[in-house]
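Student: Could we go through this structure together, one question at a time?
Tutor: Gladly! Here it is.

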Amino acid sequence: MLAEQILSGDRRALAKAITLVESTRTDHSDQAVQLLAELMPHTGKSIRIGVSGAPGVGKSTFIESLGNYLTEQDFQVAVLAVDPTSAVSGGSILGDKTRMEALSVNPKAFVRPSPAGTTLGGVTRRTRESLLLCEAAGYNVIIVETVGVGQSETAVSDMTDMFLLLLSPGGGDDLQGIKRGIMELADLVLVNKADGDQTSIANQTVCDYRGALQFMQLRTPSWTPKVDSCSALENQGVDRAWAIIQAFREALTKSGELETLRAQQAKAWMWAETAEALIADLRGHPQVKSLVPELESAVLAGDVPAIVAAQRLIDHYKSD
Ligand SMILES: Nc1nc2c(ncn2[C@@H]2O[C@H](COP(=O)(O)OP(=O)(O)O)[C@@H](O)[C@H]2O)c(=O)[nH]1
Ligand SMILES: [Mg+2]
């Protein structure tokens, strides 16, 4: 029933299904698993784009601009936000555009902000399933926004085809709080806010990064990361960014790397899910539960080595 509604493009059904996959209730997760199994044959037809960058760099503004540009060309765009800061600060960063007002009311777009009060792990964990649900609902461009705080970028790049990093004009990546490893994930670096009196600094920043990227190891043989500028606010360069995204998709499709990448991501996901379900089951096990306080304090006090405690927990878990 819900599956059919989603396949017919019913947005309320989609929103409901995402709530289901985000839920921590066991009966909900059983339903979610069932639903995903049913919808699986209808997934995989979108281009999955991750967008990251420091808070305030203009990610939401850029996504809104790109999203509106794409819906004008008859694309169906879904946006999923993985924003641990919005959980912490309630999205109260100055000028925060997380709500994406224009895109939110666009009938060809679906915007889903991350639920407030959830942990980073929780949000990213369920974002992958939400992404599949959006594909089943007919969205052919899926954008996942995440704030650049370290772990979330890796998680997002593990579930998307292409990783976009937004930067501000000027400053080195260290100044912008971008970790070196994150730079290496980027398939496209965009220097945003290339407008007004920041235009020339932005152009200089583009040159700097083009130079820096030459020394970076390629993530995929068929793609060399690109650097460009844009102004999300003035809708400048967003069309160029889209052209690069399409070129990326074409190159990786042709070489077969896109298929391999997605297959590898799915396999890694299977093990991540298995590990997570196992640890939850272990923690809920009555005997393990009763042992935990004592073992934890023994480890805290340094009386028992962690490895010994871990073994004891596992032995109790396996004993029935
Ligand atoms: N001048 C200029 N300001 C921008 C641009 N893009 C975003 N901003 C502003 O930067 C602030 C933060 O934007 P937001 O999209 O919320 O950033 P996010 O935290 O990365 O999602 C807002 O006040 C935007 O209006 C741009 O291209 N040029
Ligand atoms: Mg934002």
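Student: Is A251 buried, partly exposed or exposed?
Tutor: A residue is buried if 20 or more other C-beta atoms (placed from the backbone) lie within 10 Å of its own, exposed if 12 or fewer, and partly exposed in between. A251 has 16 other C-beta atoms within 10 Å, so A251 is partly exposed. This is a predicted model, where local features need pLDDT of at least 70, side-chain atom pairs count only at pLDDT 80 or more, and totals for chains, interfaces and linings use all residues. Residues are numbered from 1 along each chain as its sequence is written, while chains are lettered from A and ligands numbered from 1 in the order in which they are written. To come back to your question, A251 is partly exposed.

Student: Which residues is A251 in contact with, leaving aside its neighbours within four places in sequence?
Tutor: Two residues are in contact if their C-beta atoms, placed from the backbone, lie within 7 Å. With those neighbours left aside, the partners of A251 are S222 and W223.

Student: How are helix 13 and helix 14 oriented to each other?
Tutor: Helices are DSSP runs (H or I, at least four residues), numbered from the N terminus. Helix 13 (residues 286-300) and helix 14 (residues 306-318) pack at about 175°, an angle that runs from 0 to 180 degrees between N-to-C directions, with axes being lines fitted to C-alpha atoms over the stretch in contact. Angles over 145 degrees count as roughly antiparallel, so helix 13 is to helix 14 roughly antiparallel.

Student: Which residues of helix 2 make the contact with helix 3?
Tutor: Helix 2 packs against helix 3 with their axes 8 Å apart. On the helix 3 side, the contact involves H28, Q31, A32 and L35. On the helix 2 side, the residues are A17, L20 and V21.

How values were computed:
Helix = DSSP H or I, 4+ residues; strand = E, 2+ residues; numbered from the N terminus. Parallel < 35°, antiparallel > 145°, perpendicular 65-115°, else oblique.
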